[in-house]
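Thanks for coming, everyone. I have a short walk through one model today. Please look at the structure while I talk.

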Amino acid sequence: MKAPLIWLKDFTDIDVDVKTLADAMTISGSKVETIETTGDNISDVYTGKITDIKDHPDSDHLHIVTVDMGRDDLGHALQIVCGAPNVYVGMICPVAVIGAQLPGGSIKKGKLRGVDSYGMCCSIDELGVPAEGHPGADEYGLWNMPQDTPLGVDIKEILGLGDSTIEFEITPNRPDCFSIEGLGREAAITMGKEFRPVKPVLKQEGSLVTEDVVKIDIEAPDLCYRYCGRLVEDVKIGPSPAWMAERLTQAGMRPINNIVDITNYICLELGQPMHAFDLNYLSGKHIIVRTAKDGEVIRTLDGTDHTLTSSNLVIADEEKACAIAGVMGGENSEVLPETTTILFESAMFNPVSVRKTALSNGLRTESSARYEKNLDPENTMRALDRACELVELLGCGKVSKGVVDNYPTPRTMNHIPFRPSKINEFLGINADESFMRDVLTRLECTFATENGTEVIIPPTFRPDLEAEADIAEEVARFYGYNNIEPSLLSGKETTLGGRTYSQNIVEKICNTLVSNGYFEAITYSFEAPSELDNMLLPEDSPLRKQVKIRNPLGDDTSVMRTSMIPSMMRIASRNYNRGVQQAKVFESAFVYLPDDDVNNLPEERRMLCGFNYSGYVNADNGKVFYETRDAVEELLKILGIRSYSFEPLTDNPTFHPGCTAQILVNGRNVGIIGIIHPDVAGNFNAPDKTCLFDIEVEPLVKASKLDRTYKSIPRFPAIPRDLSVVVSKDVSVSKIIKTAKAAGGKYLEDCVFFNVYEDDKLGADVKAVAISLTFRAPDRTLADSDIAEDINRVLAKLEEKCGAKLR
C-alpha cells in the first residue's frame, strides 16, 4: 500500500522527517517497505519565458532563443539553442540551467553548430513525468505551460515533486490499513497526534430524488451485506485537477478522467471500492444484486467475455448482468464521454465469494483485492458521500437529493472482556490502565458494562479484534515492543540446558557412522503409496497401512512414510545415476505408524536407515555386505551393547534371500541388514550391489551403556588358536561363534571368525569356516595343557550343535 506523505497529512499533523515517521510506524506494527521521494533525479530546472527567437545560421531546424528566467541569480536573458517545433515568443516552459540534473543526464555549457547554449528548454518527457494532468504537456515539443505560471519557480514545485511516498506492507487481517485514512489513524496514534477522519458534507443541488428514480434489491443477502447508491446529474467528463492526478500517480494509479479518478481516489483514501453506472443503460433504473445464471455471459470493462456460474454474484438490471460484484464492471453500462447521469455504487460483498469469483474468472483487480480482506460495511455510506462531495468540489456534476441504502446484513462485533491486569500479565509489562484506555479509545474501541463485567467493543473496521490476546497486541504495539523488557515466563525458573540421554545416543549414532565414512541425509517424511510396491511388499503387509494427507501437493507426497527404505533407495539411485560409483549414506528420522483408532495420533518411531553401494563391475556382494555389517557392529560396540547377533533371514521380499540378516539385541529383533533384492534395485533404478540397514533406534537407546569400567591391560600373554571346521552351507557363522563361546570355558577371552571357504573338493553342500579363539588367564601364563580340554569341548559342541567336522 503506497501512501503519499502529503496525503497522510490530511489526517494528522506530521512534524517529523519521513525516515523518523517510517521507523516509528514499523515499530508500531505498520511495516514500511520503501520510501520514495519524487523528483530526486531533477534539480536546477526552473520556469522561464521565451522573449526572442532567431533562426540558427547553420541549421534549418534549430533556433537561438532568449529566455527570461525572472530572477537575477538565473539571468534575464539566457541564450539557449533549441530545436523544438512548437517554440514561440511568449512561451513559458521548463528550463534546465547549467549544472541541472535530469533523468537523462546533467546539463553543461556547450556549442551547437558554433553557437553557445547556456541550458536546455525541456519537454515533459525530458523531466520523466507523465503528461496526464498537466495542460500543454501533451503537445509535441516543449511543455507549453499556462501563461499565468510565475517565472523562476523550481519545476518540482510546479509538478508537486519532492513529496515522499511511503510503501507499507499490510497484512491481510488489517483491511482498515488498505486506505490512506487507516494509515493516517495509525500515524496519529503512533506519533501522539490528533486524528482527523473524513467527514463529507453534501450540497445535493440536483433536481432528482434518488429514491424516486432508482430501486435497489438484494436477492442474496448472504453474499451482499450492504448496497448504497446515489445519483449524479449533469455529469461533465473531463480530466482531473492536477492535485488529484498527482496523488493518484504517487499512490500507483494512473489518472483517467474525473469520474473514474474519483472512484479510484475513494478506493485509496477510504479503502472502499466503488463503481459508476451510466443510468441510461440500466434497464428499468433497477439494480438487482443476485447470483448469476449458469452460462450467463458478461463483457467486462477490459473487453473480455466471461461465462459465469451460479456461484458468482453479479450486479444486474432487469434484463442483464451489468457488473461482476466486487470484481469489475460491465462494458454495457460503463461511463462514456457523453454520459450525463450516473449512479454511484458503494457496497459490501462477502469476501470469500469475491475471491472465488475473481479466481474463477481470471480477474485480479484493486477492487477484488480489497473486498477479499473483509471490508467495513459501515464505511460504504461515508465513502459514497465522500465521492459525491468530490463531484461537487470538482464541479463535474450535481448530486441528486436522497440516497438508496439497502443494508440487510449488519456486522456484529465480539464483546471482549477488559482486564488490564490480565493484559499486563500476558505481555509481561506494567502499563497503566489509563494508557490502555487511551490507546483503545484512539483506536475507536468503545467500553461498556455487561453483567457487571467491563467489555470492549471494537470498531466495525477492525474485524481482527476477536479476543483478549488481540486487545493485548494493540496495547503492546503502542506501548512499544522495544520497551518491553525481556523476562522469564511467570513461575518459571532457570534451568540448565542440555540434551536428553536419548538425544545424546542419537548424536553418538550419527557421529559413529560419519566416522565410518557415511554421509548424513535429510529426506521428506511423506512419499507416494507406490513406493511400497517398489519394495515388493505383499498386499497384507502392515507397512501398507499409512497416514494419508488431506491436502497433498501431489500423489508423490500423499502419505506419511512407514519405512525409510524408499527414501534411501531414491538417494542411492540419484547418486548412482549421476556417476557416483561408491556411496555411503544414512538418516536417523521418523516413520509414522497409524493407530487402529483413527482418533489417535500415529506412532512416530525413530529409525536408523542407511546404505552402502559399489557400482564397480568387480565389486561383490560379500565385500559390500561385510563392510556394512562391520560399521553396524562398531556402532553397537560404541553404544556399549555387548549382547547382539546377526541371524540369517530369507523371507523378506525387499532383500536378497542369501545375503540378509536380522539384527538381534538382547535377543530382540531390532532391525535388518542385507543386500537389496535385484528386482527392488531395478524398481528404484539403483545399483544391484546395494547393502542397506534399517534399525529401530529406541531399543538401541534402552540397551546402550555409555558408562565404561576401567580394566587394566593384561599382564600375561594370550594363547590364540585357529580352528577350521567344515559345516553345511545352511549353518550360519553366528551360530558357530555363539556355540564356540558357550563351550570355550573360563579362559576363553574372545572368538571371531576370519574366513569362509567353499570348494568342490570339500563337497557340494558344505563350506569351511575358520574361527580364531583367544585364551588368557589374569594371573599367569597359560600352557597348552591348560586349554586342551577347552578346545576339545568346543569341537565337540560344534559337532553336536552345528554338525561341524575339524578340517
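**A walk through the model**

Lys-689 is partly exposed, with a relative accessible area of 23%. Partly exposed means between two cut-offs: under 20% relative accessible area is buried and over 50% is exposed, with a 1.4 Å probe and protein chains only. This is a predicted model, so local features need pLDDT of at least 70 and side-chain atom pairs count only at pLDDT 80 or more, while totals for chains, interfaces and linings use all residues. Residues are numbered from 1 along each chain as its sequence is written, and side-chain values use heavy atoms, with hydrogens and water left out.

Back to Lys-689. It sits in the loop between helix H18 (678-684) and strand E35 (690-696). Helices (H or I, at least four residues) and strands (E, at least two) are DSSP runs, numbered from the N terminus.

Next, Thr-12. Is Thr-12 buried or exposed? Thr-12 is buried, at a relative accessible area of 1%. Its place is the loop between helix H1 (5-8) and helix H2 (18-27). A polar atom of the Thr-12 side chain lies 2.9 Å from the backbone oxygen of Glu-194. Leaving aside residues up to four places away in sequence, Thr-12 touches Gly-184, Ala-187, Ala-188, Lys-193, Glu-194 and Arg-196. Contact here means heavy atoms within 4.5 Å.

Now the helix packing. H2 packs with helix H4 (residues 180-191) at an angle of about 95°, and their axes are 10 Å apart. The axes are lines fitted to C-alpha atoms over the stretch in contact, and angles run from 0 to 180 degrees between N-to-C directions. H2 and H4 are therefore roughly perpendicular to each other; that label covers 65 to 115 degrees. Which residues meet? Leu-21, Ala-24 and Met-25 in H2 meet Leu-183, Glu-186, Ala-187, Thr-190 and Met-191 in H4. By class, that contact of H2 with H4 has six nonpolar, one polar and one charged residues.

On to helix H6 (residues 242-250). Its buried residues are Met-244, Ala-245, Glu-246, Arg-247, Leu-248 and Gln-250. What covers the buried residues of H6? The cover includes strand E1 (2-4), H1, helix H3 (155-159), strand E11 (164-169), helix H7 (258-269) and helix H10 (380-394). Just after H6, Gly-252 takes a positive phi of about 95°.

Two strands pair if DSSP finds at least two bridges between them. E24 and strand E26 (residues 453-457) are joined by two bridges, with Pro-417 opposite Val-455 in E26. E25 and E26 pair over five bridges, in the antiparallel sense. There, Ala-448 has Val-455 as its bridge partner. E25 and E26 form a hairpin with two residues between them, and Asn-451 in the turn has a positive phi of about 55°.

The other is an open sheet of five strands, ordered E12-E15-E18-E19-E20, with mixed pairing. Here the edge strands are E12 (215-218) and E20 (328-329). Two bridges join strand E19 (residues 321-324) to E20, and this pair runs antiparallel. Ile-324 stands opposite Met-328 in E20.

Conventions: Polar contact = N/O pair within 3.5 Å; in protein donor to acceptor, adjacent residues only side chain to side chain. Parallel < 35°, antiparallel > 145°, perpendicular 65-115°, else oblique. Nonpolar A, V, L, I, M, F, W, Y, C, P; charged D, E, K, R; others polar.
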